[in-house]
Amino acid sequence: MSCASLVQRPCKSLFLTRSYRSCLTHIHALYVQLLEHCIESKSLREGKVVHQYILKNSNTIACNNNSSAIVLDKITRLYVSCNELEFARRVFGSIPIPERKNNVILWNQMIRAYAWKGPFDRAIDLYYEMIESGVTPTKFTYPFVLKACSGLQAVEDGKKIHDHARGLGLESDVYISTALVDFYTKCECLIEAREVFDNMSERDVVAWNAMIAGSSLHGLYGDMIRLVVQMQEAGVSPNSSTVVAVLPAIGEANGLSQGKTVHGYCMRRGFHSDVMVATGFLNVYGKCRCLVYATRIFDRMGIKNEVTWSAIIGAYVSCDFASEALALYDQMLLRDGICPSPVILGSALRACTKLTDLRRGKRLHSYIVKSGSGFVLMVGNTMLSMYAKCGTMEDAVTLFDEMNSKDSVSYNAIISGCAQNGKAKEALDIFQVMQLSGIEPDLATVVGFLPACSHLAALKHGACGHCYSVVRGFTTDTSVCNALIDMYSKCGKVDIARLVFDRMHKRDIVSWNSMILGYGLHGLGREAVSLFRDMEIAGLQPDDVTFICLLSACSHSGLVAEGKKWFVAMSQDFSVVPRIEHFVCMVDLLGRAGLLYEAWSLIKRMPFDPDVCVWSALLASCRIHKNIELGEEVSNKIQSLGPESSGNFVVLSNMYSAVGRWDDAAHVRIKQRNQGFKKSPGCSWVEIDGVIHAFVGGDRSHPHSEKIYQKLEDMLMEMRTLGYRSASSFVLQDVEEEEKESILLYHSEKLAVTFGILTLRPAKPILGWNLQLWRFLVRNHWIQWFLMWRFLVKRTNEKSLDSMVLDVGTMYPSQASPASFRVAV
């Protein structure tokens with residue numbers, strides 16, 4: 001090769017390099033132009049094609065860092081505009097550090113994208129990365145990152161960012177100050193929010209709205225109203241956003257007049273046509289139970305979104321128009337074709353709950369499963385309540401077990417559902433699971449838990465619930481105290497129930513009714529009447545439930561004249577129209593006193609047809625007083641109406657058995673079986689050291705059955721030496737005397753008491769809660785023998801008889817007992 005050619009080649013190379021660079025400049029410009037077009041039109045598909053071409057020809061941009069940074073900037077903006085934040089973050093990270101450091105606008109766009117779309121923590125992480133990279137935030141950075149902090153309730157991060165803004169001298173900026181007010185109010189830091197707001201030198205309508213919305217959000221109705229007044233005094237006119245902010249608080253406060261005032265203002269300003277404003281008024285009128293106004297607004301709305309439908313359906317449910325709410329739900333699906341949101345589904349489920357429409361509720365459940373909305377915790381909790389209120393606890397428990405996430409509302413729904421549907425033991429078990437799961441019981445948990453303790457006479461559990469309520473401050477709540485009164489009354493501790501009643505900060509009608517009923521359960525009728533008079537003096541108007549409790553107390557105490565007096569007075573003096581339940585109480589009152597034909601006459605004079613409950617009360621009295629003739633007639637009445645349970649068959653059969661009419665008793669039993677009714681065996685509970693033990697007559701499933709039965713036989717031998725003879729008349733079966741004695745010996749109540757004797761130390765009192773047991777034990781000399789047994793054991797241990805108590809409450813001999821016996825230790 002010649003020297004000439006060597007000299008000429010560099011010249012050619014120089015020429016090509018210049019041409020090549022010129023060509024690259026045009027290519028970069030083309031890329032930028034194409035990407036800007038994709039950003040403006042949000043054409044993700046075309047933008048990805050351009051990005052793909054750039055990646056394949058990466059050498060065309062790698063030689064120029066400045067051009068490369070511009071192209072990567074445009075690609076990042078493209079993905080941000082199309083909400084592809086992961087792609088945007090990846091491309092953003094590939095921008096060379098010097099160029100990225102100087103591009104504060106792109107940093108702000110990335111932080112803003114995460115603050116609006118999430119995950120919020122990415123926005124905060126980007127902010128800290130921005131600071132560490134030496135990039136100085138601008139006044140546009142802080143509103144976005146503070147929004148992310150409020151979304152995460154990240155108070156500490158928000159306060160650090162506040163300090164950063166203060167250090168840069170940006171705190172006084174109206175946009176940043178407004179963002180800080182919004183952040184602090186949403187994080188429940190109202191003092192800090194007010195401090196920032198008061199220090200603002202300039203407040204625009206957005207700043208006022210942020211403070212007003214914060215007060216509204218936290219139910220500070222008075223503060224909110226004052227802020228609106230101050231806003232107008234400062235010369236700033238409320239806009240539609242102001243109206244949207246104040247309406248929720250007005251609705252929660254049932255401020256109908258204020259709502260109408262704001263509505264009139266919106267009509268004058270022309271805001272009423274705004275869909276968000278109109279939806280807000282729907283919510284206000286719905287919560288104020290002005291359904292006519294709510295419906296009128298709804299019908300006049302041109303545009304209805306899913307929030308609008310949610311508001312109107314929720315309003316109908318709240319106003320107890322559940323059928324109409326479901327009709328609106330169907331209209332939304334079929335006519336408007338709107339896909340229901342989780343909130344709408346929750347309202348529809350609440351409508352099914354109010355109607356106890358299990359079939360419709362299951363259809364909604366199927367739709368929820370198919371749509372995937374079942375993963376929303378609120379929807380799952382509402383379904384739990386629906387199944388529990390409809391009485392299908394098997395479905396409720398299955399749903400509860402299948403729920404991936406549970407909160408206190410979930411546990412509250414299943415616990416109260418079990419307690420209300422006769423599954424008290426399961427309610428206590430679930431309560432223990434709740435505690436083990438780390439979820440802290442709240443006020444609603446206690447209100448659901450205590451009735452389960454009442455049903456089982458689980459005194460220790462109930463007392464622990466009382467202690468927990470005191471520690472947590474729940475005893476200031478009236479509903480908790482009402483539940484405690486009911487629990488102590490049904491656990492045989494009416495004196496403690498009265499202490500709770502006397503120490504209540506505020507009493508409602510339920511408080512008085514619960515205490516009157518508690519006295520009635522213990523046969524303390526005169527105390528119940530005295531308390532009723534105290535209620536009158538206190539200025540509280542008795543309701544229909546008050547008179548049910550009062551008449552029941554009179555019935556259980558044998559106060560016939562007093563009961564008659566209050567039955568007449570309830571309608572004449574208190575304008576309370578007697579319901580079927582009041583007549584049941586009066587029939588029971590007269591029947592217990594032996595006034596069977598007077599009770600019959602009262603039934604004949606009832607202003608409505610008597611139901612099975614009325615006739616059943618009279619039938620039970622016929623059994624007590626052995627009036628077979630009237631009992632047969634009453635039984636025929638019940639059969640004509642259709643018996644609701646096995647109870648009436650059992651009462652009639654026992655009546656026949658008591659007078660030796662075994663064939664008639666057998667005929668009743670056969671009839672009961674043919675009609676598909678089966679008597680549930682009587683069950684007795686005993687609570688020892690917080691553990692509830694259940695027994696059924698002749699039951700040998702208990703782990704200590706062998707010891708219990710041996711103890712019973714040993715006690716029987718000692719009782720015979722004391723002159724005991726079994727009262728075989730209690731066994732209403734046509735069997736030999738020896739078999740009757742065996743049936744009496746292994747009764748569930750005796751098994752429960754014997755287990756208590758075996759387990760407890762001699763000085764430990766046993767509290768029995770069943771009046772039938774009292775009569776049963778007295779007639780069988782059990783109380784005498786039991787006291788002597790405990791006394792002998794204690795004398796052996798050098799303990800005094802005074803330290804032992806056997807408390808079976810105040811008994812009224814003719815009182816009918818509940819189906820189950822309960823012992824609390």
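This is a guided tour of one predicted protein model, stop by stop.

**Before selecting anything**

Residues are numbered from 1 along each chain as its sequence is written. Because the model is predicted, local features need pLDDT of at least 70 and side-chain atom pairs count only at pLDDT 80 or more, while totals for chains, interfaces and linings use all residues; side-chain values use heavy atoms, with hydrogens and water left out.

**Whole chain**

Start with the protein chain, which has 45 helices and five strands. Helices (H or I, at least four residues) and strands (E, at least two) are DSSP runs, numbered from the N terminus. Of the 825 residues in the protein chain, 48% are buried. Buried means under 20% relative accessible area, exposed over 50%, and partly exposed in between (1.4 Å probe, protein chains only). The protein chain exposes about 40500 Å², and carbon and sulfur atoms supply 54% of that area. Accessible areas come from the Shrake-Rupley method with a 1.4 Å probe; for residues, only the protein chains shown count as cover. Among contacts in the protein chain with a separation of 6 or more, 65% are between residues 24 or more positions apart. Contact means heavy atoms within 4.5 Å.

Select Lys42, in the loop between α1 (3-41) and α2 (44-56). Lys42 is not a glycine, yet has a positive phi of about 50 degrees. Its relative accessibility is 55%, so Lys42 counts as exposed.

Next take Asn83, in the loop between α4 (65-81) and α5 (85-94). Asn83 also has a positive phi, about 60 degrees, although it is not a glycine. With a relative accessible area of 45%, Asn83 is partly exposed.

Then move to Pro119, in the loop between α7 (104-117) and α8 (120-132). The peptide bond from Gly118 to Pro119 is cis, with omega near -5 degrees. Most residues other than glycine have a negative phi, and most peptide bonds are trans.

**Helices α11 and α12**

Select residues 174-186 (α11) and 190-198 (α12), whose axes come within 8 Å and cross at roughly 165 degrees. Axes are lines fitted to C-alpha atoms, for helices over the stretch in contact, and angles run from 0 to 180 degrees between N-to-C directions. The two helices, α11 and α12, are therefore roughly antiparallel. Angles under 35 degrees count as roughly parallel, over 145 as roughly antiparallel, 65 to 115 as roughly perpendicular and the rest as oblique.

Show side chains: Ser177, Leu180, Val181, Tyr184 and Thr185 in α11 meet Leu190, Glu192, Ala193, Val196 and Phe197 in α12. This contact of α11 with α12 has seven nonpolar, two polar and one charged residues. Ala, Val, Leu, Ile, Met, Phe, Trp, Tyr, Cys and Pro count as nonpolar, Asp, Glu, Lys and Arg as charged, and the others, Gly among them, as polar.

Val379 is found in helix α23 (residues 377-389). Val379 has 0% relative accessibility and so counts as buried. Its contacts, leaving out residues up to four places away in sequence, are Pro342, Leu349, Ile368 and Ser373.

Leu377, Asn381, Leu384, Ser385, Ala388 and Lys389 in α23 meet Val409, Ser410, Ala413, Ile414, Gly417 and Gln420 in α25. By class, the residues of this contact divide into six nonpolar, five polar and one charged.
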